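Work through the exercises below with the sequence and the model side by side. Try each task before reading its solution.

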Amino acid sequence: MASTAPPNLVATMRFNPPTITLVGGLKERTLEQLNELLPSMCTTSKEGRHDPPRFQEKVQKDSGILYYHVELRGQYCDNLGVCFLFTTLFDCLEEEGRWMLQDTNAVTMPEGECYKFFFVKKS
């Protein structure tokens with residue numbers, strides 16, 4: 001990612017099915033690591049059945065902001081699976097070596113749970 005990457009990263013995770021959106025500058029290696037690890041962290045892992053979904057690079061139409069999105073269709077996460085996804089995300093960002101968790105937000109809605117994690121670049 002270019003040096004003009006934003007100094008913040010927002011991770012939004014919705015359940016069920018698990019859907020993850022990342023807004024901010026991530027290294028390609030980190031995205032590949034997340035693509036490899038996240039699908040196997042769900043309670044109902046579909047390993048070996050078909051190619052797992054991968055993060056897609058997208059651009060918001062109205063603002064032009066770049067983001068990455070993946071939906072793990074056909075999978076489910078109980079409370080333990082949710083924790084595994086959180087931990088895997090945090091470990092990958094920590095391994096990248098430049099993100100620090102700043103704040104969180106959680107909301108339960110009729111359509112499911114939604115968690116937001118706000119990261120800032122380490123100085």
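**Exercise 1. Find the residue opposite Ala106.**

Solution. Ala106 stands opposite Tyr115 in E6. Now place the two strands: E5 covers residues 99-109 and E6 covers residues 112-121. They run antiparallel, joined by 10 bridges. Two strands count as paired if DSSP finds at least two bridges between them. A hairpin through two residues links E5 to E6.

Two notes before going on. Residues are numbered from 1 along each chain as its sequence is written. The model is predicted: local features need pLDDT of at least 70, side-chain atom pairs count only at pLDDT 80 or more, totals for chains, interfaces and linings use all residues, and side-chain values use heavy atoms, with hydrogens and water left out.

**Exercise 2. List the elements of the chain in order.**

Solution. Start with the count: two helices and six strands. Helices (H or I, at least four residues) and strands (E, at least two) are DSSP runs, numbered from the N terminus. Then read from the N terminus on: β-β-α-β-β-α-β-β.

**Exercise 3. Trace the pairings of strand E1.**

Solution. Step one: locate E1 at residues 8-15. Step two: look towards E6. Eight bridges join E1 to E6, and the two run antiparallel. In this pairing Arg14 stands opposite Cys114. Step three: turn to E2, residues 19-24. E1 and E2 are also antiparallel, over six bridges. Here Leu9 has Gly24 as its bridge partner. Step four: check the turn. E1 and E2 form a hairpin with three residues between them.

**Exercise 4. Identify the cis peptide bonds around Asn16.**

Solution. Asn16 sits in the loop between E1 and E2.

**Exercise 5. Decide whether Asn35 is buried or exposed, and name its contacts.**

Solution. First find the residue: Asn35 belongs to helix H1, residues 28-37. Next apply the cut-offs. Buried means under 20% relative accessible area, exposed over 50%, partly exposed in between (1.4 Å probe, protein chains only). Asn35 has 6% relative accessibility, so it counts as buried. Last, list the contacts (heavy atoms within 4.5 Å). Leaving aside neighbours within four places in sequence, Asn35 touches Pro53, Arg54 and Phe55.

**Exercise 6. Classify Gly97 and relate it to Glu32.**

Solution. Gly97 lies in the loop between helix H2 (79-96) and E5. Its relative accessibility is 40%, so Gly97 counts as partly exposed. Gly97 and Glu32 are 65 residues apart in sequence. From C-alpha to C-alpha they are 16 Å apart in space.

**Exercise 7. Judge the overall dimensions of the chain.**

Solution. For 123 residues, a compact globule would have a radius near 14 Å; the chain has 14 Å, which agrees. Along its principal axes the C-alpha trace spans about 40 × 30 × 30 Å. Of the 123 residues, 36% count as buried. Finally, take the contacts with a separation of 6 or more: residues 24 or more positions apart account for 61% of them.

Methods. Rg over C-alpha atoms; globule rule 2.2 N^0.38 Å.
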